[in-house]
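Thanks, everyone. I will go through one model today, starting with a pair of helices and ending with the confidence scores.

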Amino acid sequence: MLLGMLALLTPAGGVAAQASGSAHLVIISGLSGEERFARDFVAWGAALAAAAESRHGVPSANVVWLAEDAEAHERIRDRSTRANIERELRSLAGRAGADDRVLIVIYGHGSYQSGESRVNLPGPDINAKDLAALLDGLRTQRVAVVNTTSASGGFIHDLAAPNRIVITATKSGMEANETVFGRHFTMALTGDAADTDKDGRISLLEAFDYARAEVEREYQRGNKLLTEHAVLDGVGDGKGAAELAAASPHAQAASSFHLGAVAAAALNAAPELRALYEAKARIEGAIAALRARKDTMPAAEYDGELERLLLELSRNGQAIRRLEGGGS
Amino acid sequence: MRAALLAGAVLLATAVVQPACARQQPGGPAEELYRTGRYDEAIAALRTRDDATSRRLLVRVLLDTGRYEEAESAALAGGSPDAVPAELANALGEALYARGKLQAAEAAFARAASSSAPDALQARLNLAVAKWERGERDEAMRELDAFIDIYNDGTARSAEALTAVATAVSYLGIRDPQLFHDAVRAYEEAAQADPSLAAPKLREGELFLAKYNSTDASALFREVLAVNPRHPVALLGLARAKAFDGTDEAMALVDSSLAVNAAAPAALTFRAQLHLGLEDYESAVRDAERALEANPASLDALATLGAVHFLRGDRGAHDRARRRALELNPRYGRFDVTVAEMAVQQRRYTDAVEIGRRALELDPESWSAHALVGLTELRLGNVDSARRSLEAAFTGDPYNVWVKNTLDLLDTYPQYVTRPTARFELFLHGDEADVLALYMSELAEEAYDELSQRYGARPTPPIRVEVYPSHADFSVRSVGLAGLGALGIAFGNILALDSPAARTAGEFNWGSTLWHEIAHSVTLAASRHRVPRWLTEGISVLEERRARPGWGEDVSLDFLIALKSGRILPVSDLNAGFVRPTYPEQIIHAYYQASLVAGYIEQQYGERALRDMLRAYADGRTHEQVLRDVLRTEPDAFDRAFDAHLRSTFATQLAALDVPARASMARGPAQVGGEFVTALRAARSALEAGRLDEAEQQAGRARSLFPEYAGADGPYLLLRDVHLQAGDTAAAAAALREHVARRESDYDAHIALADLLERLGDARGAADVLERAMYIHPYDAAVHDRMAALYAATGQHARVVRERRAILALNPVNRADALYRLALALLDAGDRQGARREVLRALELAPNFAEAQELLLRLQGETQ
């Protein structure tokens, strides 16, 4: 099994905010048990590690992958023993900047017994409380933990903390069947399909929503009862939720945690381009404000104003793309 | 009909209650002979006795065995009614009542009731029931209500008295349904008081059946039959329970009952109703009239006779029967309920509602009439009035599971939406309405045009199509209960069917199901709802086959087994295959056979023959008349000719199958041998061994022997595998095309064929196959995306738009992208305004969606 962690990412907001901090990804793949799982976990870890660097701009040195078999892929740094995990997380805590973001993704099999949730590792397992203790070293950073294992639901409660997002493949430790959430979550971060707002970045919320929907679809296609119900806790309440309304605190937190650095070039851009980015932020704000008032406005008035703003934003976007050489 | 059990059962029950003496001498030889069903010996023994107890029992045995005249004589013992001793007055009353001599019977009951005879309480009950049956319900209720006091003051201690109390209380339940529980308790106390007494068990069984509980009813009837296997009332009760359960054993059981008492009006009436269900009017009339010969005052027999006359179109005879019944009981709403129930069985829904309402004018407390009107109104699509009737029915009879289930179903209707088309009103669940409507509206309109033209009848729009994503809900909508095996149902202009979401992908083809039901709507309209079941089903399956390649039932291995084993019904009995199948597959065989009959009629008698037959049925002609007048043949000759046609059609297949003489349908096709099976096995072995030429040859041989067989182990998939291994994609695609042309529901095969066709560069062919797959499982967004690409490649812009709409309807995670692609499709289709609308919707969700921004600017005319 694995646990993987991706760190990263850029919070939503203006140009300046997008540039702050570095991103780190830690992938932990635990015991596989069967060849097919071993193949899957290596494939997912490799895809995620590659995408972190190539798609999302995470520096190679900030990507750490620990796996059952250290020889299974060239990107794997070491075996995913508990000791190695402790070593890597302590090391990360020592070098990460205060504004950095850390994403930890765990693949593998989990278990739940006597109130204790575990991830099965080569050698001693690691449980949720052990992991929570290790994360204490990352208190100032924004941390997201995605546990895709079976019976992972117990991690929601034990890892809950401020400034931390926790996603689990199951809603409780009792959902102990093999999960497919990990595959779909990986696809969300390694492809374009989950980028539902088309801003070129994938937020944790987008990845979660995508994976959750695809899990349901896979079970439906196979005519199976859904035996895994993923949840997300964005506010540290230790409970989380599955269906996340856009305005919910969980969703707000997860939507501001992005994989993918954006337009670092914008910060160093020529004044003309910088002005366009500032205009873009202004128009986006106006659109967001308009959408918030939608239910209180006559439909025709809303539509007219929305169209005007979208046209303005489209012209702005086109101008930015031209200046950045993206054509249009 | 079910409600009649309660009312009609009274005389049955009184007929089986044994005189008190039987309890006093439980081990006496005559009593024992009677108790165990040795009736002739019991009669002989009792004729040697002259005491009142023995004479009461003699009357009872004679009544049970249908010797009504002798029973009356035995009670009179040569005297006049007034001279009969009080101890025999009730027995005389029952003998007179059984022969319809109501006034004299009531006089006898009154005399016994006012005496100290051991059966005075029974006489009091009989008197109250007689008033009830005359329509004097309020007075009867007052007298029956007194039985509660009798129970409460503890004077009803004997089994006979407790049985009488229970029966009285069961009548009172019409106004207080909770009293049915008290009736059951009293029957059980009676059975405990004297376990040898059959009456409380029989009456309790009848009550359970009247309250829709055939399981407990059957157990009680079986308990009686364990002691007396010839008990005519228990046999009749069990027959009714079996009919309630929808099994085919009812007819044999009622025949057994009539073997003991050939003149029993209740059994004859019930058998007449069974005949009516099979649309065998002659037999139904014969039995109903025999019942009336035995008892000219039998209300149930009159009602059944009235129903037969109504369905045969003889309104005069129907009206005469109704007048007779109402002269006996001016409040006898049951007459109209019986006619209405039979009309429903024959799909005459509008008539049924009208008649049901007439019943309510006579008897507003007829909860069965309220239920019938409500359920039938729903079949006519009148949801609001249906709900009102159903709620009234449920208030009066909360045990009616059909009504309860249907009301629960109606509570889910706010989750549905209505999508109108030119001639249809699609009633779809909100979760799937957007995607289903895309395909359903187009198909429904096509079916309407094609079928109405062929059969010369245009059902008056709108036709309402209700589609249920839960099979249980569809089942309740269809028959009021869960568990119906069907996929669709037609009530004329109201159709209901399973949505593809109700079943696993590959279990059925909703497109062919919808086509089938629309065909019913047309043939019902063409025949004014008089088409027999076998013909409307046959035409519907035939039309499925015409609609699309592969649609509609084709010949199956088990049909051929049944044909070879002599289990296929003659056309004249084909209705029985639908109504009371005698083996599990028979109803499927009946559908298929009926379609062959319809095809045979067209082939032999011309394209207009079916249309002409429907018109003849509309004119009220019987099956026999239709065959004579339209086809110019006799029923027997037609049966023989069709049988010869059937055997000739499948001569090759039958010769290639070795079916054991004692073939069992339960054991299925596994028991079949012969050349076809041998060839299939050889092909499979050769394929597994890599001998591709031999595998192809053997599979080809199997195909030529039984070309219709397209099972998972059939020749077409074998040939597909052979060709794929040989690297011949075109041949593999051809084999798979043959397979899907016979397997309308094999979703995976459709997708696999589309894959092969795409590999061969046949975009149009691939799109066509995927189009057909949508009639099986329209919920896979990836397939819609693929279809959109294929249609775009072949310039079918309208279809690209439809596919893009389908993807949106499936609620994709990436909704902005789906809207953008829809906008592009609309633009390609020439709809700039639509494209603008959709791209704005996309940008509302994802304002920085670069491609959508570019499209918006392009639509604005700011870029190219």
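Start with α14(B) and α15(B), which are roughly antiparallel to each other because an angle over 145 degrees counts as such. Their axes cross at roughly 155° and come within 9 Å. The crossing is left-handed.

Who makes the contact? On the α14(B) side there are Ser214(B), Ala217(B), Ser218(B), Phe221(B), Arg222(B), Val224(B) and Leu225(B). From α15(B) come Ala234(B), Leu235(B), Gly237(B), Leu238(B), Ala241(B), Phe244(B) and Asp245(B). Sorted by class, the contact of α14(B) with α15(B) has nine nonpolar residues, three polar and two charged.

Tyr212(B) sits in the loop between α13 (199-210) and α14 (214-227) of chain B. Phi of Tyr212(B) is near 70°, a positive value in a residue that is not glycine.

At what angle do α9(B) and α10(B) cross? The answer is roughly 160°, with the axes of α9 (residues 120-134) and α10 (residues 137-152) of chain B coming within 8 Å. That makes α9(B) roughly antiparallel to α10(B). This crossing of α9(B) and α10(B) is left-handed. In this contact α9(B) supplies Ala128(B), Lys131(B) and Trp132(B), while α10(B) supplies Arg137(B), Glu139(B), Ala140(B), Glu143(B) and Leu144(B). The contact of α9(B) with α10(B) divides into four nonpolar and four charged residues, with no polar ones.

Next, the sheets. Chain B has an open sheet of five strands in the order β1-β2-β3-β5-β4, with mixed pairing. Which strands stand at the edges? They are β1 (416-420) and β4 (488-490) of chain B; each has a single partner strand, so one side of each is left without a neighbour in the sheet. Neighbouring strands of this sheet are turned by 15° against each other on average, ignoring direction.

Inside that order, β3 (residues 463-468) and β5 (residues 494-498) of chain B run parallel and are joined by five bridges. If you want a place to look, Glu466(B) stands opposite Ala496(B) in β5(B). Helix α28 (residues 510-526) of chain B lies across β3, β4 and β5 of chain B, and runs at about 160° to β5(B).

There is also a cis peptide bond to look at, between Pro461(B) and Pro462(B), with omega about 0°. Pro462(B) is in the loop between α26 (433-455) and β3 of chain B.

Over to chain A, where three strands form an open sheet in the order β6-β7-β8, with antiparallel pairing. Its edge strands are β6 (110-113) and β8 (126-127) of chain A, each pairing on one side only. Two bridges link β7 (residues 116-119) of chain A to β8(A), in the antiparallel sense. Here Arg118(A) stands opposite Asn127(A) in β8(A).

How do the chains meet? In the model, 19 residues of chain B are in contact with 23 residues of chain A. On the chain B side, the elements giving two or more residues are α45 (815-828), α46 (832-845) and α47 (850-860) of chain B. The largest share, six residues, comes from α47(B). By class, the side of chain B that touches chain A has eleven nonpolar, five polar and three charged residues.

Last, confidence. The predictor gives the complex an ipTM of 0.76 and a pTM of 0.80. Chain B averages a pLDDT of 91, with 95% of the residues scoring at least 70. Over residues 1-27 of chain B the pLDDT is below 50, and this stretch has 78 contacts in the model beyond near neighbours in sequence.

For chain A the mean pLDDT is 87, and 90% of its residues reach 70 or more. Where pLDDT is low, the predicted coordinates should not be read in detail.

That is what I have; I will take questions.

Methods: Residues numbered from 1 in each chain as written. Chains lettered and ligands numbered in written order. Predicted model: local features only at pLDDT ≥ 70, side-chain atom pairs only at ≥ 80, totals over all residues. Pairing = 2+ DSSP bridges. Helix = DSSP H or I, 4+ residues; strand = E, 2+ residues; numbered from the N terminus. Axes fitted to C-alpha atoms, helices over the stretch in contact; angles between N-to-C directions. Contact = placed C-beta atoms within 7 Å. Nonpolar A, V, L, I, M, F, W, Y, C, P; charged D, E, K, R; others polar. pLDDT = per-residue confidence, 0-100. Parallel < 35°, antiparallel > 145°, perpendicular 65-115°, else oblique. Left-handed = near helix turned anticlockwise from the far one by under 90°.
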